[in-house]
Amino acid sequence: MPSFRSPPPPTYTLRGKFLIEDVPTHKAPSHSLLKFFINLFSSLFCFTNTTIESEPEDSLVDIPVLRVMDFPLEIIEIIIGMADKPSLLRLSLASHFFLCLARPHLFHSLAFFEAECFRLHRDNPRFDRFLNLLDCQNNTLAACVRSIHIGHEMFFYNKGIFKRRDNVHILAAKLSRITTLQFSRMTWEIIPPAVLEFLFAVPAKEVRIEFVQFADPVSFAGLLDASFMTRVNVFLHDVDVTPPTSPSLQPGPLKQNFHFTSLDATSLVNFHKVWGSDRTIEQITADTFHLWLTPRPIKNAGAVKQVHKLFPSIQTFLNCSGPRLKTLCINLTDPDTLDLCKEADLSRCITLKRINIGIIDIGVLDMVESDVLIQMSIVWKLLESLPPSSATIEEVGLIFAVADRDKALGTLPEVLQSIPWASTARRLRDTFPALCQVKFKVGAPHSVVKDPAAEKADLAHELEVVSEDVCWELEEIGVQIVFEPHVWQYRVERTVRCNTDAIDDPYAESSHSID
């Protein structure tokens, strides 16, 4: 009688030699050690009973016979978690054991964008194939999905081919472990109603709407009135709504109050533009507020005056929602935001726990003595404008931008050593009695970094040296000092697709984001 017992997991052996130089001893030990294990782990599938020869012979060391199953499962999972997509795809074909470990990483985040690829698949777009997979009776994909990202005008070429499905709620319920649903860099009205119905039924815990344009204010009001908005954490960043052109096109009043997990000033002013009064803004609260206005594409006196008209609406929000704010983020890179900071009254922000301020430019020695001091004076003025009850602040983060290495007048260690880290931390401790942690984030915009991972590794090594000196000097003040490498994305200019022949670059740069 045949046996249905599953076969034992495969074993892979390696008898060979490795260069001693392959063992990591450089800047980032933990990351390099895991990378070494990844290379070692990969070699178990590439070589069996093979000797790897290299010269000179005296630099070789024998490695004992190893089996994959000799590694602890935790180590295997860490190694697989750090592998890139091609490696995960190859690993998933090795055996059922590795398929189960690789699949959650392969399908952890699903991104549906890159509009160009749909020119080749107009009749069978990827999102429709994804819904077909969910509709399969024995699908194992749904349990692996943690986030879905919709963006970059992905439905522009094939909006009309999506038909309504009667079982969208059943399909959405299969994504029981999803946490995040994200919309970014797109025009909202381009999403087909059938797809929107499915996405609204997905049981996500948070929804992120970033760099999205609403051409119709009624669409924006419909999103706010959707039932799922009351059961998820909503992040609203850099959203732009076209104001109604006539009173007949103005949406009705909001039916409920709204609480956002994170909100920025650029998105906030849309409530005034659409409904024409600050009464709607009084219905809004948030945990995190970004004091940030998207830079104007045209800078003239009229545009400046138009932007300054929005300041009272932002102040209304600070007065109403200030007592509930937990985190305040301030960006110093735009003149409008600086003007807003000078006029903003933060006296109602009495429950703040964290405050992040950036971006402070450093990188050349001349700037350290001039521009950095000017920018830091603005920072201190903002911090000192907080109410006396700001004693609740427990964490302060300052973000510093490193200039182009090729144009720097001094080396990075010289520049970092010239910044008054210790005196800054002491002054922060004197300003906020309950302060527990100071974060100094140092980095560069993503667009000027060729290899973000390598840039972070280099910065981490340089910051480690600075951190040791500063932490030893400030050991007596009782505040944790953290230095972090930081690479941030540029914000993008919002674009509206008009026709298939004139496609704007969705990655157009406009200014910094301090998230």
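In which strand does R185 lie? R185 lies in strand β5, which covers residues 180–187. Helices (H or I, at least four residues) and strands (E, at least two) are DSSP runs, numbered from the N terminus.

The model is predicted, so local features need pLDDT of at least 70 and side-chain atom pairs count only at pLDDT 80 or more, while totals for chains, interfaces and linings use all residues. Residues are numbered from 1 along each chain as its sequence is written, and side-chain values use heavy atoms, with hydrogens and water left out.

**The chain as a whole**

The secondary structure of the protein chain comes to 17 helices and 17 strands. Of its 515 residues, 47% count as buried. Buried means under 20% relative accessible area, exposed over 50%, and partly exposed in between (1.4 Å probe, protein chains only). Among contacts between residues at least 6 apart in sequence, 83% join residues at least 24 apart; contact means heavy atoms within 4.5 Å.

R185 has a positive phi of about 50° although it is not a glycine. R185 is also buried, with a relative accessible area of 18%. D238, another residue other than glycine, has a positive phi near 55°. This residue sits in the loop between β7 (233–237) and β8 (240–241), and D238 counts as buried at 0% relative accessibility.

**Helix pairs**

Axes are lines fitted to C-alpha atoms, for helices over the stretch in contact, and angles run from 0 to 180 degrees between N-to-C directions. The table gives two pairs.

| Helix pair | Angle | Axes |
|---|---|---|
| α2 (residues 73–81) and α4 (residues 96–106) | about 50° | 10 Å apart |
| α8 (residues 217–225) and α9 | roughly 120° | within 11 Å |

The angle between α2 and α4 makes α2 oblique to α4. Angles under 35 degrees count as roughly parallel, over 145 as roughly antiparallel, 65 to 115 as roughly perpendicular and the rest as oblique. The crossing of α2 and α4 is right-handed. A crossing is left-handed if the near helix is turned anticlockwise from the far one by less than a right angle, and right-handed if clockwise. In α2, the residues L73, I76, E77, I80 and G81 meet F97, F98, L101, A102 and H105 of α4. By class, the residues of this contact are seven nonpolar, two polar and one charged. Ala, Val, Leu, Ile, Met, Phe, Trp, Tyr, Cys and Pro count as nonpolar, Asp, Glu, Lys and Arg as charged, and the others, Gly among them, as polar.

Helices α8 and α9 are likewise oblique to each other, and α8 passes α9 in a left-handed crossing. P217, F220, A221 and L224 of α8 make the contact with F271, V274 and W275 of α9. That contact has seven nonpolar, no polar and no charged residues.

**N270 in helix α9**

N270 is found in α9, residues 265–275, and is buried, with a relative accessible area of 0%. Leaving aside residues up to four places away in sequence, N270 touches V239, D240 and V241. The C-alpha atoms of N270 and F220 are separated by 9.5 Å, although the two residues are 50 apart along the chain.

**Covered elements**

Nine of the nine residues of strand β14 (residues 437–445) are buried, so β14 is largely enclosed by the rest of the structure. Strand β13 (residues 395–402) pairs with β14 in the parallel sense over seven bridges; two strands pair if DSSP finds at least two bridges between them. F400 stands opposite V442 in β14.

Helix α11 (residues 311–321) is mostly covered, with eight of its eleven residues buried. Among them are F311, I314, F317 and L318.
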